[in-house]
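Subject: Handing over a structure

Hello,

I am passing this structure on to you, with some notes on what turned up in it. Have a look at it first, then read on.

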Amino acid sequence: MESFYNNMSLIQLLLKWKKHLIIITVLAAVLAAIFSGPTFITPKYKSDAVLYPSNIAPYSEESETEQMLQILQSGDIRDQIITLFDLGKHYGLNPEDPHYRTYLINEYSDNIKITKTQYESVQIVVMDSDPQIACNIIDSIILLYDKKIRELHELKFGEVVVMYSRALAEKKTYIDSLQRRQNEIMDKYGFISPSFELQEIARGYLGTSDGPASKVNTKAVNNLRKNLATAGSEAILLENLIVAEALNLADIQKEYDIAIMNFNRKYTYANIITSPYAADKKTYPVRWLIVLFAIAGTIFFELIIISIIEAAQKKQPIK
């Protein structure tokens with residue numbers, strides 16, 4: 001019952017002040033509509049894109065999406081976008097202002113949002129007074145992202161290429177030194193082959209039939225045995241080393257070829273799920289929402305003021 005009487009009192013109060021309420025509320029709505037117009041608030045258009053990372057590997061414990069987010073939000077890409085679109089001038093900032101840089105970065109952060117979505121993708125949202133510039137900024141951010149990743153990969157794989165190139169040169173030099181020493185031994189001692197063929201030659205000499213030439217064969221065998229005793233072990237060791245080092249050289253050459261391939265590759269590093277476009281309708285400000293809040297706020301404050309006036313009148317003594 002008390003609630004009913006309170007409601008009746010509120011209705012009576014509204015009826016008593018209805019003219020004032022209507023006039024002031026209409027005036028507030030008109031002013032809100034005027035001041036939310038393009039003359040006072042520059043309309044902004046929204047362009048957005050959704051990306052997934054590709055052809056990249058995460059660092060440490062971060063995911064590919066987190067790596068993409070870090071690079072897209074980097075100061076390097078931000079500064080290039082600011083320079084490319086001359087955003088200081090575009091945002092109407094004074095370059096002579098001592099806080100120009102701070103204001104510029106704040107404007108950039110307010111108008112360009114790069115966030116991670118719940119589906120492990122990255123969304124880029126740009127708000128701008130020019131719908132085409134908003135679209136172009138997103139396209140440029142994606143291109144600069146690809147360029148940045150490519151530079152990082154070229155730097156990384158460039159180091160790998162240099163490392164394997166040095167290893168190849170050192171391995172080839174070492175194998176050449178082994179082969180020179182092998183040739184010296186083969187020329188000096190008349191070896192045809194350090195291992196297998198030397199054994200076959202020895203069997204040939206030892207297996208010859210008896211006859212007038214047996215003394216020659218015996219002398220040759222003795223010379224062969226003497227040479228084998230002097231340099232045979234080194235010749236066999238050199239042959240084994242050359243074979244082993246040639247296999248190592250082949251492995252290094254394979255890794256070098258892979259590094260060269262990675263260094264020269266021209267990949268893109270973002271899969272564009274939603275492409276940006278130039279909007280044909282402004283996103284900000286939402287004039288009807290501003291007018292609605294203005295009306296609601298005006299009525300609220302009117303009721304407070306009316307309540308204060310009514311309370312003051314009740315306290316006045318009756319004459």
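A salt bridge here means a side-chain nitrogen of Lys or Arg within 4 Å of a carboxyl oxygen of Asp or Glu. Please keep in mind that this is a predicted model.

With that definition, a search of the whole structure gives eight salt bridges. Which residues are linked in a network of them? They are Glu66, Lys116 and Glu120. Lys116 pairs with Glu66 at 3.8 Å, N to O, and with Glu120 at 3.2 Å, N to O. As for accessibility, Lys116 is partly exposed at 33%, Glu66 is partly exposed at 32%, and Glu120 is partly exposed at 36%. Another salt bridge joins Asp79 to Arg78, with the closest N and O atoms 3.3 Å apart. Asp79 has 29% relative accessibility and Arg78 has 21%, so Asp79 and Arg78 both count as partly exposed.

Next, the nonpolar cores. The largest one holds 30 residues, and those with the most contacts inside it are Leu72, Ile81, Leu87, Ile124, Ile137, Ile141 and Tyr145. Several elements give two or more residues to this core, including strands β1 (45-53), β2 (112-116) and β3 (122-128) as well as helix α3 (64-72). The largest share, eight residues, comes from α7. Leaving aside neighbours within four places in sequence, Leu72 touches Leu51, Ile77, Ile114, Val122, Ile124, Ile141 and Tyr145. Apart from this core lies another, of five residues, among them Leu178, Ile185, Ala235 and Ile242.

Is Ala235 buried or exposed? Ala235 counts as buried because its relative accessible area is 2%, under the 20% limit.

Finally, the cavities. There is one cavity of 30 Å³ or more, and the volume of the largest cavity is about 40 Å³. Its lining is made up of Arg150, His153, Glu154, Asn262, Phe263, Arg265 and Tyr269. By class, that lining has three charged, two polar and two nonpolar residues. Helices α7 (131-189) and α9 (214-264) each supply at least two of the lining residues, with α7 giving the most, three.

Enjoy exploring it!

Best wishes

Notes. Residues are numbered from 1 along each chain as its sequence is written. This is a predicted model: local features need pLDDT of at least 70, side-chain atom pairs count only at pLDDT 80 or more; totals for chains, interfaces and linings use all residues. Side-chain values use heavy atoms; hydrogens and water are left out. On a 1 Å grid over the protein atoms alone, a cavity is a set of points where a 1.4 Å probe fits but cannot get out, and a pocket is an open set with protein on both sides within 12 Å along at least five of seven lines; lining residues have an atom within 4 Å of a point. Grid points are joined across faces, edges and corners, and a volume is the space filled by probe spheres set on the points. Helices (H or I, at least four residues) and strands (E, at least two) are DSSP runs, numbered from the N terminus. Ala, Val, Leu, Ile, Met, Phe, Trp, Tyr, Cys and Pro count as nonpolar, Asp, Glu, Lys and Arg as charged, and the others, Gly among them, as polar. A nonpolar core is a set of buried Ala, Val, Leu, Ile, Met, Phe, Trp, Tyr and Cys residues joined through side-chain atoms within 4.5 Å. Buried means under 20% relative accessible area, exposed over 50%, partly exposed in between (1.4 Å probe, protein chains only). Contact means heavy atoms within 4.5 Å.
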